[in-house]
Amino acid sequence: MILDFFKKNTIVLVLLLYFVIAIIFTYPLVLNLNSSIFAVSGDAFGTLHNFWQLKTQSIELTFPNSPIYIGLAKLGSMLFGEVITYNLFILLSFILTGLAGYLLVKKITSNSLAGFFGGLILVLAPFRLAHASEHLNFADLSWLLFFIYYLLLSQEKPVLKNILLTGLFFTITTLFNYQYGFFALVILMIFFLFNLLKNKLQIWKVDKKVLGYLIITAIISISVISIFNYQAIKDFVGIQKQEESQALPIRSKAELEVYSAKWFYYYTPSPDNPLFGRLTSDRFEEAENQTGSNLTEMTLYLGWIPILLMAYSLW
C-alpha cells in the first residue's frame, strides 16, 4: 500500500529521501536545533548575530541587502529564534535544492532515477557545502534551478503561466541572492543567444502572443527588482562622477585577484575532500598564499563523475 502511494506520488518520495539525506549529512544537528548550527568559525556567527539583531531592529530591504532573504530571516528569528531559523535555512536548502535539481534533471533526461541522482549531486556539491558552512544565503540553489526549469519549460510550452513563472523565479533568485541573480541573467542571455543562432536570427518568426508574454513578464520582473535597487541603479549610472556610492559597494582591483576562480579549482578536489584532500592540500595552500583568498571561496570542484557524465552527454 505504501509502495503504491509512492509510485503515484513520486515527488513525495523524492522530498522524503532528500529530507533523510539532510538529516544524516548534518547529524546531530536535528537533535540540537536550538543550541548549535551547521557552520565553521567565521562569517556564519556574524550571520547568526545579525539574525539576533533582526528580532528588535528595523530591516533595510534595499541593495546590497537581499530583501527576500533578510525578510525571511527576520520573520523566522521573531517566531523561532535566530538559531532555529539559521538551521531551518540550512535544512531547507538541502531539501529544496534536491527537489529543484530533481525536477530539472528529470525534465532534461525524462528519467526519474537520473533526476534523483542529479539532485543529489547538486545537494552534495562541494561549492554548495563549503558556502553552506559559512555563507548561509549561498546554501540554497533551488531558486536558480527552478528558474532554469521553467525557462526550459517555457521553450517547450510557451504559454503565459510558464513564462510568468520563469519571470517569478528569476525575480526570487535575484532578490534572495544578487550573485545568483547575476548568474541567472547570464544563463538567460546565453539561452536567448543560442536560440537566436539556432533559428538563424529570425526574430520576426516569434509568435506575437508569446512575444507579448515575454515583454509583460520582463517589465514586471525588472520593475519589482528595481524597487529594491533604485539607489544602486542611480549610483551606478553616475559612478564615474563620484568616488563613493551611497548604495553600491566599491571593490578594489586587489579583490579581483582574491575572489577570481582559477581553472584548477573546478577539477581539483579541495583539501576537505575525504579521499583526495591530502593529495591536493599543498596546491591549495600555495594558491591561498599567492592570492590571499580562502578555502571557502576556492572550493569550486565539480566532481569527476559529473564532468565525465557531461562529456558523455555531449558526445
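Predicted model: local features only at pLDDT ≥ 70, side-chain atom pairs only at ≥ 80, totals over all residues.
**Helices, loops and a surface patch**

Visitor: Okay, which residues of α2 are the buried ones?
Guide: V14, Y18, I21, A22, I23 and T26.

Visitor: And how many residues does α2 have?
Guide: α2 has 17 residues. From its first C-alpha to its last, α2 reaches 24 Å, close to the 24 Å expected at 1.5 Å a residue.

Visitor: What about α6, how far does that helix reach?
Guide: α6 covers residues 112-123, which makes 12 residues. Its reach from first C-alpha to last is 16 Å, close to the expected 16 Å.

Visitor: Which α6 residues are buried?
Guide: G115, F116, G118, G119, L120 and V123 are buried in α6. The buried residues of this helix pack against α2 (10-26), α5 (82-109) and α7 (126-132).

Visitor: What caps the N-terminal end of α6?
Guide: That's N111. A side-chain oxygen of N111 lies 2.9 Å from the backbone nitrogen of L113.

Visitor: Where does S110 sit?
Guide: S110 is in the loop between α5 and α6. Its phi is near 60°, a positive value in a residue other than glycine.

Visitor: Is S110 buried or exposed, and why?
Guide: S110 counts as exposed because its relative accessibility is 67%, and the cut-off for exposed is over 50%.

Visitor: Switching topic: how many helices and strands does the protein have?
Guide: There are 17 helices and 0 strands.

Visitor: And what share of the residues counts as buried?
Guide: 40% of the 315 residues count as buried.

Visitor: What share of the contacts comes from residues 24 or more positions apart?
Guide: Those pairs account for 65% of the contacts in the protein with a separation of 6 or more.

Visitor: Why does S221 count as buried?
Guide: Its relative accessible area is 6%, and buried means under 20%, so S221 falls in that class.

Visitor: Which residues does S221 touch?
Guide: Leaving out residues up to four places away in sequence, S221 touches G167, F170 and T171.

Visitor: Now the outside. Which residues form the nonpolar patch on the surface?
Guide: W263, Y266, Y267, L302, W304 and L308 form the patch. Together they have about 710 Å² of accessible area.

Visitor: Which elements give two or more residues to the nonpolar patch?
Guide: Those are α14 (263-267) and α17 (304-314). α14 gives the most, with 3 residues.

Visitor: Where does W263 lie?
Guide: W263 is in helix α14.

Visitor: And is W263 buried or exposed?
Guide: W263 is exposed, because its relative accessible area is 74%.

Methods:
Residues numbered from 1 in each chain as written. Heavy atoms only, no water. Patch = residues over 30% accessible without salt bridge, like charges linked within 9 Å, V, L, I, M, F, W, Y side chains within 5 Å. Areas by Shrake-Rupley, 256 points an atom, 1.4 Å probe, with all protein chains shown as cover. Salt bridge = Lys/Arg side-chain N within 4 Å of Asp/Glu carboxyl O. Helix = DSSP H or I, 4+ residues; strand = E, 2+ residues; numbered from the N terminus. Buried < 20%, exposed > 50% of the residue type's maximum accessible area, 1.4 Å probe, protein only. Contact = heavy atoms within 4.5 Å. Expected span 1.5 Å × (residues − 1). Polar contact = N/O pair within 3.5 Å; in protein donor to acceptor, adjacent residues only side chain to side chain.
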